[in-house]
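Hi,

Here is the structure I promised to pass on. Have a look at it first, and then read my notes below.

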Amino acid sequence: MVASGGNVAVSDVLLKQRSNDTPLWVRTALRLMGIPTANLWTEKEYRSKLAEMGYDGVDVQTISGPVLIQGPWSRFLPRALLQHLDYAIVVASSPVQDKPRRKKKVAIVGSGLAGLSTAYYLLSSPSAADFD
């Protein structure tokens, strides 16, 4: 549970089109990589799911260029597959409930692709800790 007025941030693979509209070969390739397509959403679906959970102020920042296109993954993932995927940092806020605001802290869990990408883009954060 995120505290009142707190933020939750994740970095995740997003589909460029709805899962049902994504070609079968793309869904199969993702499953073979251990990424179940049932857990992949478009930006619009991400916003909707977070709103259903009570979050507001959802911000989605696509970082596909430096992560998927120009980064080391470009050597392993075919361009045809990358045309169907985005990589993004998603930040959502929980509603503020009349409590005094504290200094914001960010915890980055994991030091893999997702954790390091998130850390890179959140360097302006007041504090960050990496739990591997």
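**Salt bridges**

Arginine 18 and aspartate 21 form a salt bridge, with 3.1 Å between the closest N and O atoms. By salt bridge I mean a side-chain nitrogen of Lys or Arg within 4 Å of a carboxyl oxygen of Asp or Glu. Arginine 18 is partly exposed at 45% relative accessibility, and aspartate 21 is partly exposed too, at 42%. For those words, buried is under 20% relative accessible area, exposed is over 50%, and partly exposed is in between (1.4 Å probe, protein chains only).

Before going on, a word on where this comes from: it is a predicted model, where local features need pLDDT of at least 70 and side-chain atom pairs count only at pLDDT 80 or more, while totals for chains, interfaces and linings use all residues. Residues are numbered from 1 along each chain as its sequence is written, and side-chain values use heavy atoms, with hydrogens and water left out.

The structure holds two salt bridges. The other pair to look at is arginine 47 with glutamate 43, whose side chains meet at 2.9 Å, N to O. These two sit four residues apart in helix α2 (residues 43-52), so about one helical turn separates them. Arginine 47 has a relative accessible area of 30% and is partly exposed; glutamate 43, at 32%, is partly exposed as well. As background, side chains of opposite charge can pair when their charged atoms come close.

**The overall layout**

The protein chain has five helices and five strands. These are DSSP runs numbered from the N terminus: helices are H or I with at least four residues, strands are E with at least two. Along the sequence the pattern reads β-α-α-β-α-α-β-β-α-β.

Of the chain's 132 residues, 31% count as buried. The chain exposes about 8600 Å², and carbon and sulfur atoms supply 56% of that. Areas come from the Shrake-Rupley method with a 1.4 Å probe, and for residues only the protein chains shown count as cover. If you take the contacts between residues at least 6 apart in sequence, 69% of them join residues at least 24 apart. Contact here means heavy atoms within 4.5 Å.

Which residues have the most contacts inside the largest nonpolar core? They are Leu30, Leu68, Leu85 and Tyr87, in a core of 14 residues. The elements giving two or more residues to this core are β1, α1, α3 (64-69), α4 (79-82) and β3 (85-93), and β3 gives the most, with three. A nonpolar core is a set of buried Ala, Val, Leu, Ile, Met, Phe, Trp, Tyr and Cys residues joined through side-chain atoms within 4.5 Å.

Beyond its neighbours within four places in sequence, leucine 68 is in contact with Trp73, Ser74, Leu77, Leu82, Asp86 and Tyr87. There is also a second, separate core of nine residues, including Tyr46, Tyr55, Val58 and Ala92. In general, nonpolar side chains tend to be buried together in soluble globular proteins.

Glycine 65 is in helix α3 and counts as partly exposed, at 25% relative accessibility. Leaving out neighbours within four places in sequence, glycine 65 is in contact with Gln70 and Gly71.

**Two buried loop residues**

Threonine 22 lies in the loop between β1 (7-15) and α1 (24-32). Is threonine 22 buried or exposed? At 3% relative accessibility, threonine 22 counts as buried. The threonine 22 side chain reaches the backbone oxygen of glutamine 17 at 3.4 Å. Not counting residues up to four places away in sequence, threonine 22 touches Leu15, Gln17 and Arg27.

Serine 94 is in the loop between β3 and β4 (106-109), and is buried with a relative accessible area of 9%. Apart from neighbours within four places in sequence, serine 94 is in contact with Val2, Ala3, Ser4, Gly5, Gly6, Tyr55 and Asp56.

Trp73, Phe76 and Leu113 make a nonpolar surface patch of about 300 Å². Patches are made of residues with over 30% relative accessible area and no salt bridge; like charges are joined within 9 Å, and nonpolar side chains (Val, Leu, Ile, Met, Phe, Trp, Tyr) within 5 Å. Leucine 113 is in helix α5 (residues 113-121) and is partly exposed at 31%.

Cheers

Notes
Polar contact = N/O pair within 3.5 Å; in protein donor to acceptor, adjacent residues only side chain to side chain.
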